Amino acid sequence: MEPNNLHEVLRSLYDEMLPLSADMAAVAKGVAGLGALFYVAIKVWQSLSRTEPIDIYPLLRPFALGLCIMFFPTMVLGTINAVLSPLVQGTHAILENQVLDLNALQTKKDLLEREAMLRNPENAYLVSNEEFDKKLEELGWSPSDLATMTGMYMERGIYSIEQSVKNWFRELLEILFQAAALVIDTLRTFFLIVLSILGPIAFAISVWDGFQPTLTQWLTRYISVYLWLPVADLFSSMLAKIQSLIIERDIEMLADPTFIPDTSNTVYVIFMIIGIVGYFTIPTVTGWIIQAGGAGNFTRNVNQTAVRAGNIAGAGGGSVVGNIGGKLLK
């Protein structure tokens with residue numbers, strides 16, 4: 001099975017597991033209902049004890065979360081996925097365009113490399129059977145010619161072994177590169193399924209007073225994990241573009257009849273290793289894109305600053321009052 005087919009299997013798995021979140025809504029409704037009862041009771045009791053008018057707006061929060069829990073697959077997951085899916089489609093389209101350009105350039109480069117090798121009479125027999133047979137026909141059966149034939153067979157065998165080893169190592173790196181992408185996509189699908197199924201429970205817990213950040217953290221983690229795929233596509237597009245630029249430069253050099261190409265593919269191997277390592281930095285990058293924190297942390301910092309300022313002012317005011325009182329007693 002091709003890696004692209006495996007990615008499609010993961011997409012189908014997520015779509016099939018998504019309705020399971022509705023099964024958790026029954027449990028979440030009970031938790032959210034009990035939390036809403038205590039939340040509303042505490043807010044109303046606080047207002048009554050302080051003889052203040054009851055603010056209705058904060059009391060609507062549990063009911064809004066209850067609606068989200070009741071229609072979680074469509075109202076919550078459907079809305080988030082509908083907003084983020086164009087981003088996934090856009091980055092995937094960019095990747096497909098870059099890969100198509102890269103494949104066309106690679107085919108052109110391979111053809112020019114073969115033509116460049118054939119232009120070199122000393123190494124043409126290594127890549128062409130016709131040139132090899134032609135060179136053998138030019139030789140006789142003298143001892144020196146037999147030694148030359150033996151050397152040609154040995155050089156051709158060594159060249160074939162070298163190319164086989166290089167192709168094997170290249171294919172191994174390509175497999176590892178595809179495996180790294182598949183690992184990231186598998187973990188992404190697993191995390192999204194877990195967050196989707198347990199999402200109603202997170203919403204229900206956030207109804208309770210003191211657990212409100214649970215909702216923000218769930219949204220942050222879901223969106224962050226969802227963005228793993230677009231970031232991975234952008235990273236792959238960047239690598240494909242770099243390789244395209246390198247191949248275009250090689251094609252320009254191969255246009256020179258006197259240029260002898262280097263078939264070691266060292267640059268390609270280096271970028272494959274960079275790609276394998278870079279794939280595992282995608283979760284860190286997506287963590288930079290979206291973060292939760294906002295007003296809660298800001299308010300806490302402001303309160304801490306105000307308390308410190310009040311303590312400093314109080315200490316300063318006490319010392320001033322003490323000095324004035326001392327002077328009056330004198």
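## Surface patch

Val183, Leu187, Phe190, Phe191, Val194, Leu198 and Phe280 form a nonpolar patch on the surface, with about 590 Å² of accessible area together. Patches are built from residues with over 30% relative accessible area and no salt bridge; like charges are joined within 9 Å, and nonpolar side chains (Val, Leu, Ile, Met, Phe, Trp, Tyr) within 5 Å. A salt bridge here is a side-chain nitrogen of Lys or Arg within 4 Å of a carboxyl oxygen of Asp or Glu. Accessible areas follow the Shrake-Rupley method with a 1.4 Å probe, and for residues only the protein chains shown count as cover.

Phenylalanine 191 belongs to helix α8. Its relative accessibility is 31%, so phenylalanine 191 counts as partly exposed. Buried means under 20% relative accessible area, exposed means over 50%, and partly exposed lies in between (1.4 Å probe, protein chains only).

## Model and overall fold

This is a predicted model: local features need pLDDT of at least 70, side-chain atom pairs count only at pLDDT 80 or more, and totals for chains, interfaces and linings use all residues. Residues are numbered from 1 along each chain as its sequence is written, and side-chain values use heavy atoms, leaving out hydrogens and water.

The protein has 14 helices and zero strands. Helices (H or I, at least four residues) and strands (E, at least two) are DSSP runs, numbered from the N terminus. Of the 330 residues, 32% count as buried. The protein exposes about 20400 Å², and carbon and sulfur atoms supply 67% of it. Among contacts between residues at least 6 apart in sequence, 80% join residues at least 24 apart. Contact means heavy atoms within 4.5 Å.

## Nonpolar cores

The largest nonpolar core has 46 residues. Those with the most contacts inside it are Ile69, Val76, Phe203, Trp218, Tyr222 and Tyr279. Elements giving two or more residues to this core include α2 (21-49), α5 (72-119), α8 (143-197) and α11 (228-254). Helix α8 gives the most, with nine residues. A nonpolar core is a set of buried Ala, Val, Leu, Ile, Met, Phe, Trp, Tyr and Cys residues joined through side-chain atoms within 4.5 Å.

Phenylalanine 203 contacts Leu65, Cys68, Ile69, Phe72, Val76, Leu215 and Trp218, leaving aside neighbours within four places in sequence.

## Aromatic pairs

Nine aromatic pairs are counted. Rings of Phe, Tyr and Trp (its six-membered ring) pair if their centres lie within 6.5 Å; planes under 30 degrees apart count as stacked, over 60 as edge-to-face and the rest as tilted. Phenylalanine 191 and tryptophan 228 form an edge-to-face pair, 5.7 Å centre to centre with 75° between the planes. Phenylalanine 191 lies in α8 and tryptophan 228 in α11, so the pair ties together parts that are 37 residues apart in sequence. Tryptophan 228 is buried, at 7% relative accessible area.

The rings of phenylalanine 235 and tyrosine 279 have centres 5.6 Å apart and planes at 70°, so this pair is edge-to-face. Phenylalanine 235 lies in α11 and tyrosine 279 in α12, so the pair ties together parts that are 44 residues apart in sequence. Both residues, phenylalanine 235 and tyrosine 279, are buried. Ring pairs also link Phe72, Phe203, Trp218, Tyr222 and Tyr226 into a cluster.

Serine 196 sits in helix α8. Serine 196 is buried, with a relative accessible area of 2%. Not counting residues up to four places away in sequence, serine 196 touches Tyr14, Leu18, Ser21, Phe72, Leu77 and Tyr222.

Threonine 286 is in helix α13 (residues 282-289). Threonine 286 is buried, with a relative accessible area of 0%. Beyond neighbours within four places in sequence, threonine 286 contacts Ser224, Leu227, Trp228 and Val231.
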